[in-house]
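Subject: Handover of a structure and notes on it

Dear colleague,

Please find below the sequence and structure that I am passing on to you. My notes follow directly after them.

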Amino acid sequence: MSHQKESTSESKLQKQICQIVLNHFEKQYSEELGGAWNSVRNVLTTPQYWQYAVLLNKFSCSSEMESYLSLKNYRLLFTRPSSSFPQSLKCYISDGPGKFPAQKHKNGQLKQYYLLNAASLLAVLALEVKDGEKVLDMCAAPGGKSIATLQYACPGLLQSNEYDNLRFHWLKQTLESFIPESLMSLITVSLNDGREIGNRQPEKFDKILVDAPCSNDRSWLFSSDTQRATLHLAQRKLLSAVQIQLLRSAIKALRPGGYLVYSTCTLSKAENNDVINHILDSCSNVLPVDLHTLLTSVSKEFSFAANVQQHELLVLPERGKAWGPMYISKLKKI
């Protein structure tokens, strides 16, 4: 009986925490997103609506797996190979919610696919890596965007960096699960503070992805720890300063003529648009890059916010297109 009471109390506490965070979101996002917030909130607070994509591993996947995905009513996200969507980048999605079963890590055996939010691939598409280029994934764990980059092209060097020690080991194991040993010589997995990489490796990279630490909207709503949820709300105000520091470091690490993509999985204007505007206003050696072509090429599969600039994309979760949130912006160093 006491166990049942404890369980009931925990459930009530979780609902209260969720409500605290939701109230915070309600105030902020109803101002920032206007009427779109109502449908976005409905998806964010209903995990049954969330969708997951299956990114195939070109180094190990079989035609049988593709046939099986088709039987399960999955279809290719990008059906027309082009310079933006190379044939090697195969991502399968379902029109309904649900999650394909994950594969367990096995020593010496490559996984056939990686589960991810399909919107995260847009950052890799925006980066447009070419074969032989030097690429930095500055905040790489758990590794999905590094894996997608290696499906997209064959860089001359890919440095996958992670500052947190536990996440670093997770990243390393993920890459070992997807990349053949013969290609691991092209990959450096580093444990560095991204804010210092620019000073340590100035003008080294052709392309840099800064998938910055952010106030992940999905995870916050389902935090079961009161202290953690309260701390998140306080930290939310500090994140933009860290994001700006990471971007400044990335600009230093980028060669002139190189490109940088900044991404987050939050809807927060303070961590998205405001951060990029700050960089554009304070750094004279970067220019915004128009992402309109990418937007139009994927608009059938994703819902985008209308109130953003040409160098930005903001994916809004929508029922039936429950991808995101995901913010992307692209800059060029001159």
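I begin with Cys265, which is partly exposed because its relative accessibility is 23%, between the limits of 20% and 50%. Please bear in mind that this is a predicted model. The position of Cys265 is in the loop that runs between strand 9 and helix 10 (273–282). An unreviewed UniProt entry gives the feature "active site" at Cys265, and such annotations may be inferred rather than shown by experiment.

Cysteines

How many disulfides does the structure hold? The number is zero. For Cys214, the nearest cysteine sulfur belongs to Cys265 and is 3.4 Å away. A disulfide requires the two sulfur atoms to be within 2.5 Å, so Cys214 is in no disulfide. Cys214 has a relative accessible area of 17% and therefore counts as buried, the limit being under 20%.

Strand 9 itself covers residues 254–264, and Leu254 belongs to it. With a relative accessible area of 1%, Leu254 is buried. In sequence, Leu254 is 56 residues from Gly198, while their C-alpha atoms are 7.9 Å apart in space.

The annotated binding site

The UniProt annotation "binding site", from an unreviewed entry, covers Cys139, Ala140, Ala141, Pro142, Gly143, Gly144, Lys145, Glu162, Asp193 and Asp211. Cys139 is found in the loop between strand 5 (134–137) and helix 5 (144–152). Is Cys139 buried or partly exposed? Its relative accessibility is 13%, which is under 20%, so Cys139 counts as buried.

Pro142 is also placed in the loop between strand 5 and helix 5. The peptide bond that joins Ala141 and Pro142 is cis, with omega at about 5°.

Backbone features to note

Most residues other than glycine have a negative phi, and most peptide bonds are trans. Besides the bond described above, a cis peptide bond joins Gly324 and Pro325, where omega is about 0°. Pro325 sits in the loop between strand 11 (312–315) and strand 12 (326–333).

Two glutamates have a positive phi. Glu128 has a phi near 50°, although it is a residue other than glycine. The loop between helix 4 (121–127) and strand 5 holds Glu128, which is partly exposed at a relative accessible area of 31%. For Glu203, which is not a glycine either, phi is positive at about 50°. Glu203 is located in the loop between helix 7 (194–200) and strand 8 (205–211).

Strand 3 pairs with two strands described here. With strand 1 (residues 53–56), strand 3 forms an antiparallel pairing over two bridges, and Leu55 stands opposite Cys91. With strand 2, the pairing of strand 3 is likewise antiparallel and runs over three bridges; here Arg75 is opposite Ile93.

The second largest pocket

Rolling a probe the size of a water molecule over the atoms shows where empty space is left. The second largest pocket has a volume of about 320 Å³. Its lining consists of 13 residues, and those nearest the centre are Leu77, Thr79, Phe85, Ser297 and Lys300. Which elements give two or more residues to this lining? They are strand 2 (74–76) and helix 11 (292–298). Helix 11 provides the largest share, with three residues. By type, the lining of this pocket divides into five nonpolar, four polar and four charged residues.

With kind regards

How values were computed. Residues numbered from 1 in each chain as written. Predicted model: local features only at pLDDT ≥ 70, side-chain atom pairs only at ≥ 80, totals over all residues. Heavy atoms only, no water. 1 Å grid on protein atoms, 1.4 Å probe; cavity = no way out; pocket = protein on both sides within 12 Å on 5 of 7 lines; lining within 4 Å. Points joined across faces, edges and corners; volume = space filled by probe spheres on them. Helix = DSSP H or I, 4+ residues; strand = E, 2+ residues; numbered from the N terminus. Nonpolar A, V, L, I, M, F, W, Y, C, P; charged D, E, K, R; others polar. Buried < 20%, exposed > 50% of the residue type's maximum accessible area, 1.4 Å probe, protein only. Pairing = 2+ DSSP bridges.
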